[in-house]
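Please look through the sequence and the model below, and then read the report that follows, which moves from a single contact to the protein as a whole.

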Amino acid sequence: SSSSGLTHESHKKDVEQVYLRCSEGSIEWMYPTGALIVNLRPNTSPASYRHLTVCIKPFKDSAGANIYLEKTGELKLLVRDGGGSPSQVYCFGYEQGGLFIEATPQQDISRKITGFQYELMTKGIAADLHTASAPCRPCSDTEVLLAVCTSDFVIRGSIQDVTNEAEEQESVIHVGVNKLYRQKSKVFQLTGESGNWRGQIKTLLQCGVKPGDGDFLFTGRMHFGEARLGCAPRFKDFQRMYKEAKDKGLNPCEIGPD
C-alpha cells in the first residue's frame with residue numbers, strides 16, 4: 001500500500017485512514033505530511049484478533065515521520081523519525097492499539113519516504129521468534145519434534161560458513177542442504193553447476209554460532225522474507241529422538257528422518 005502527501009499540500013493537518021486486510025505486506029508513504037492512521041483488519045474472525053501479534057520492520061532509509069501506537073487517543077512512540085537500528089523489528093499485541101504515523105516538520109519533504117514491512121502472526125509463533133528470556137538455549141526433545149511439524153522450513157544440512165553482522169547483531173549461517181523436508185518460500189535453492197542446494201539462515205549474534213562438522217536438522221520460521229533459526233539439533237540426536245517418540249507412538253507428525 002502506498003500513499004503520497006503531496007496531494008494534500010494545503011491541509012497540513014490532514015489525517016488519512018488506511019485499511020490493510022493482508023496478514024503481511026508493506027506501507028510506503030511518500031513525501032509525508034499530516035498523519036496516517038493504519039488499521040490492520042485481517043480476514044479472520046474478530047474473535048481471534050486478541051491472539052495476534054503485529055510486527056513492523058522499518059525500511060533502511062525510512063524517514064520523515066514518527067510511528068506511534070495509538071489506542072483511544074493515547075499515543076505511545078514506537079519508532080522515532082530517523083531512530084532505531086537497521087533491521088530492528090518492533091512487535092506489539094493487536095489489542096494494544098493501531099498505528100498512527102505522523103509526519104515530522106520538514107524543510108524539504110520531496111526526498112522523504114516513510115515505510116515499513118509488517119507481519120501479523122499468532123502470539124505463539126511471535127514468542128518463538130523472540131524468546132527474549134533464552135533465545136540461544138537448546139530445544140528439548142519435545143520442542144524439536146513439534147518444530148518439525150510446525151516450522152516454515154525443515155532441512156537436513158551442514159554449516160558451510162558463518163558470517164557475523166555486528167551492526168545488525170546477527171549471524172548468517174550459510175547452509176549446505178542434504179535433504180529438504182519442507183520450505184514455505186524459496187530460501188533454499190539449487191546453485192551452480194554442482195547442483196547443490198544452499199541457503200542462509202539468520203540468528204542472533206549473541207548465540208555464537210560457529211562452523212562445525214556434521215549434519216544438523218535446521219528448523220525455523222520465515223520472518224520479513226528471511227529464514228530465522230528455530231531448533232537445530234545435531235541430526236543423529238534428532239534421529240534418536242524421533243525413533244524413541246515413534247516407538248512410543250508419541251511423535252506429533254511423520255517426517256521420515258533417514
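In this predicted model, a polar atom of the side chain of Asn66 lies 2.7 Å from the backbone nitrogen of Asp81. Asn66 has its place in strand S6, which covers residues 65-71. Is Asn66 buried or exposed? Its relative accessible area is 12%, and because buried means under 20% relative accessible area, Asn66 counts as buried. Leaving aside residues up to four places away in sequence, Asn66 touches Leu77, Val79, Arg80, Asp81, Phe100, Ile101, Glu102 and Thr104, so that Asp81, the partner in the 2.7 Å pair, is one of the residues in contact with Asn66.

Ile101, which is among the residues touched by Asn66, also belongs to the largest nonpolar core, a set of 24 residues in which Ile56, Ile101 and Phe116 have the most contacts. The elements that give two or more residues to this core are the strands S2 (15-20), S3 (24-30), S4 (35-40), S5 (52-58), S6, S8 (90-93), S9 (98-103) and S10 (113-122). In soluble globular proteins, nonpolar side chains tend to be buried together. With residues up to four places away in sequence again left out, Ile56 touches Ile67, Leu78, Val79, Gln88, Val89, Tyr90, Leu99, Phe116, Gln117, Tyr118 and Phe224.

How many cavities of 30 Å³ or more does the count give? The count comes to one, and the volume of the largest cavity is about 30 Å³. Its lining is made up of Leu145, Val148, Cys149, Phe238, Tyr242, Asn251, Pro252 and Cys253. Helix H2 (141-150) and helix H3 (235-247) are the elements that give two or more residues to this lining, and H2 provides the largest share, with three residues. The table sorts the lining residues by class.

| Class of lining residue | Number in the lining of the largest cavity |
|---|---|
| Nonpolar | seven residues |
| Polar | one residue |
| Charged | no residues |

Taken as a whole, the protein has three helices and 16 strands, and buried residues make up 40% of its 258 residues. Among the contacts between residues at least 6 apart in sequence, 66% join residues that are at least 24 apart.

Notes: Residues are numbered from 1 along each chain as its sequence is written. This is a predicted model: local features need pLDDT of at least 70, side-chain atom pairs count only at pLDDT 80 or more; totals for chains, interfaces and linings use all residues. Side-chain values use heavy atoms; hydrogens and water are left out. On a 1 Å grid over the protein atoms alone, a cavity is a set of points where a 1.4 Å probe fits but cannot get out, and a pocket is an open set with protein on both sides within 12 Å along at least five of seven lines; lining residues have an atom within 4 Å of a point. Grid points are joined across faces, edges and corners, and a volume is the space filled by probe spheres set on the points. Helices (H or I, at least four residues) and strands (E, at least two) are DSSP runs, numbered from the N terminus. Ala, Val, Leu, Ile, Met, Phe, Trp, Tyr, Cys and Pro count as nonpolar, Asp, Glu, Lys and Arg as charged, and the others, Gly among them, as polar. Buried means under 20% relative accessible area, exposed over 50%, partly exposed in between (1.4 Å probe, protein chains only). A polar contact is a pair of N or O atoms within 3.5 Å; within protein, one must be able to donate a hydrogen and the other to accept it, and residues adjacent in sequence count only if both atoms are side-chain atoms. Contact means heavy atoms within 4.5 Å. A nonpolar core is a set of buried Ala, Val, Leu, Ile, Met, Phe, Trp, Tyr and Cys residues joined through side-chain atoms within 4.5 Å.
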